[in-house]
Amino acid sequence: MLQNQSITRLLKEPCVADLANLSETFWVNPHKKPCQEALEAAELTLEDVLEASERLERFAPYIRSVFPETQPAGGILESPLREIPRMQKILCDRSGERVQGRWFLKCDSHLPVSGSIKARGGIYEVLCFAEKIAMEEGGLSLDEDYSVLTQERYRKLFSSYSVAVGSTGNLGLSIGIMSAKLGFSVTVHMSADARQWKKDLLRSRGVQVVEYEQDYSLAVTEGRRQAENNPRCHFVDDENSTTLFLGYAVAALRLKAQLEKQKIEVDADHPLFVYLPCGVGGGPGGVAFGLKLVFGDYVHCFFAEPTHAPCMLLGMATGLHHRICVQDIGIDNQTAADGLAVGRPSGFVGRFMEPFMDGCYTVSDENLYRMLALLGETEDLWLEPSALAGMCGPLWLAQDSEREYLVKQGVDGLMEQAVHIPWGTGGSMVPEEDMQQYYQNGKKLLNIQEGGEETF
Ligand SMILES: *Cc1c(COP(=O)(O)O)cnc(C)c1O
């Protein structure tokens, strides 16, 4: 915990005061650097991301054979990019903002195998671990067809190792499902936020689920501690793993190809804005880093967080990163956005991404539910509450108060040609009844007028 004195001082800063009041806030990052300069100082490079991409291609024959639903895409886990003009219109109508340019949703909600953005980093890290063991002890070679990993001798080899992770739910799903499929013994340490269906699903796949009454940070700490005593256990460290981060970053290479295929330009005249729901930071940070490698200064990235768990914004705005948590300023970290219910940001993502990011903003749980219902009704796309956090980003940029930011970025006159991509991070595996509940909540809220706060 921080000293009382420093907290009192921090709370005098307008941005921190807004966070403490749970107001929806938009924060422009004053530390953003020209992309080239930021990349030169970064410890990770395009080569690292390409290496991750190649590893995923090596595993594609294996993935295709153990997850038949991935056959059409040849064992590559990727999600659609869908234009959402009806959602764009209804959000503009209801908010009174005039957002120019085109809106697309990156549907990571519909990633195969685990139905969330965690199918990128989480699965990638498990595959890395498996490849290392298979090469060192099983004689696997780089140019082999990796579907050999389905053989009993490999499963037996993997079963002598274990994997552990701490999670609010979705990372646990992706690590648990992938690890169990390979034959590892796997333990998921779930925070109190985790939904019951996620725990049930994991147990049905033979995953050991340990439940905590506390939040994410404790589930991770406890998982890490228990794994430490076991040299044959790999702990997936969501707070610090660069492997996870690189797995997420591969998304950018894939998005570039998708944009090209749909003839959507990103260049000096066509800025791209990407809005990423953020929990501990690895997922959105990895994707944003990849986007910077691919599109440089033409892409603008924002992290989106719940008003009750704005850990990344707090860490970046105060410069304290993981040395401060939302509880330090009196926030409870209680949110319907279970995937984002993180009180303390990653130890490295905030600092690593500081020179790249355009900013962060917060969104209330009520507005997450409202957007969930609106997106479902207008586009028939059904996402979990966390996954809607990116959706209202374009509305912030359309406000007069953020004009200065656009001018400073040199995109003020280009917004008509802009492309906006909220990242839809999860939801396709949510059971029907749970989704109905979310939807009904949203519908109810859409009929309630609130004074002052921005609503849709
Ligand atoms: C985990 C998650 C995120 C954010 O990823 P972090 O790596 O925790 O920042 C966003 N949306 C959903 C649905 C998630 O499960």
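User: Why are α5 and α15 called oblique to each other?

Analyst: In this predicted model, helix α5 (residues 85-95) packs against α15 at an angle of about 135°, and their axes are 8 Å apart. Angles under 35 degrees count as roughly parallel, over 145 as roughly antiparallel, 65 to 115 as roughly perpendicular and the rest as oblique. The pair α5 and α15 is therefore oblique. Axes here are lines fitted to C-alpha atoms, for helices over the stretch in contact, with angles running from 0 to 180 degrees between N-to-C directions.

User: Which residues make the contact of α5 with α15?

Analyst: On the α5 side they are Pro85, Arg86, Met87, Ile90, Leu91 and Arg94, and α15 brings Met371, Leu374, Leu375, Thr378 and Glu379. Contact means heavy atoms within 4.5 Å. By class, this contact holds seven nonpolar, one polar and three charged residues. Ala, Val, Leu, Ile, Met, Phe, Trp, Tyr, Cys and Pro count as nonpolar, Asp, Glu, Lys and Arg as charged, and the others, Gly among them, as polar.

User: What makes α11 and α12 oblique to each other?

Analyst: Helix α11 (residues 242-261) and helix α12 (residues 282-295) cross at roughly 45°, and their axes come within 7 Å. That value puts α11 and α12 in the oblique class too. The α11 residues in the contact include Phe245, Tyr248, Leu253 and Leu259, while those of α12 include Gly282, Val287, Phe289 and Phe295. The contact of α11 with α12 has 13 nonpolar, five polar and one charged residues.

User: How do you know whether Val165 is buried or exposed?

Analyst: Buried means under 20% relative accessible area, exposed over 50%, partly exposed in between (1.4 Å probe, protein chains only). Val165 has 0% relative accessibility, so it counts as buried. This residue sits in strand β4 (residues 162-167). Leaving out neighbours within four places in sequence, Val165 touches Leu171, Gly172, Ile175, Thr187, Val188, His189, Phe235 and Val236. The C-alpha atom of Val236 is 5.1 Å from that of Val165, although the two residues are 71 places apart along the chain.

User: What makes Thr25 buried?

Analyst: The relative accessible area of Thr25 is 5%, so this residue is buried. Thr25 belongs to the loop between α2 (14-20) and β1 (26-28). Once neighbours within four places in sequence are set aside, its contacts are Asp18, Leu19, Cys360, Tyr361, Thr362 and Trp396.

User: Which residue other than glycine has a positive phi near 75°, and is it buried or exposed?

Analyst: That residue is Val113, in the loop between β3 (102-107) and α6 (118-138). Its relative accessible area is 9%, so Val113 is buried.

User: Why is Asp380 called exposed?

Analyst: Asp380 is exposed because its relative accessible area is 57%. Asp380 lies in the loop between α15 (365-379) and α16 (393-397). This residue is not a glycine, yet its phi is positive, at about 55°.

User: How are the elements and residues numbered?

Analyst: Helices (H or I, at least four residues) and strands (E, at least two) are DSSP runs, numbered from the N terminus. Residues are numbered from 1 along each chain as its sequence is written, and side-chain values use heavy atoms, leaving out hydrogens and water. As this is a predicted model, local features need pLDDT of at least 70 and side-chain atom pairs count only at pLDDT 80 or more, while totals for chains, interfaces and linings use all residues.
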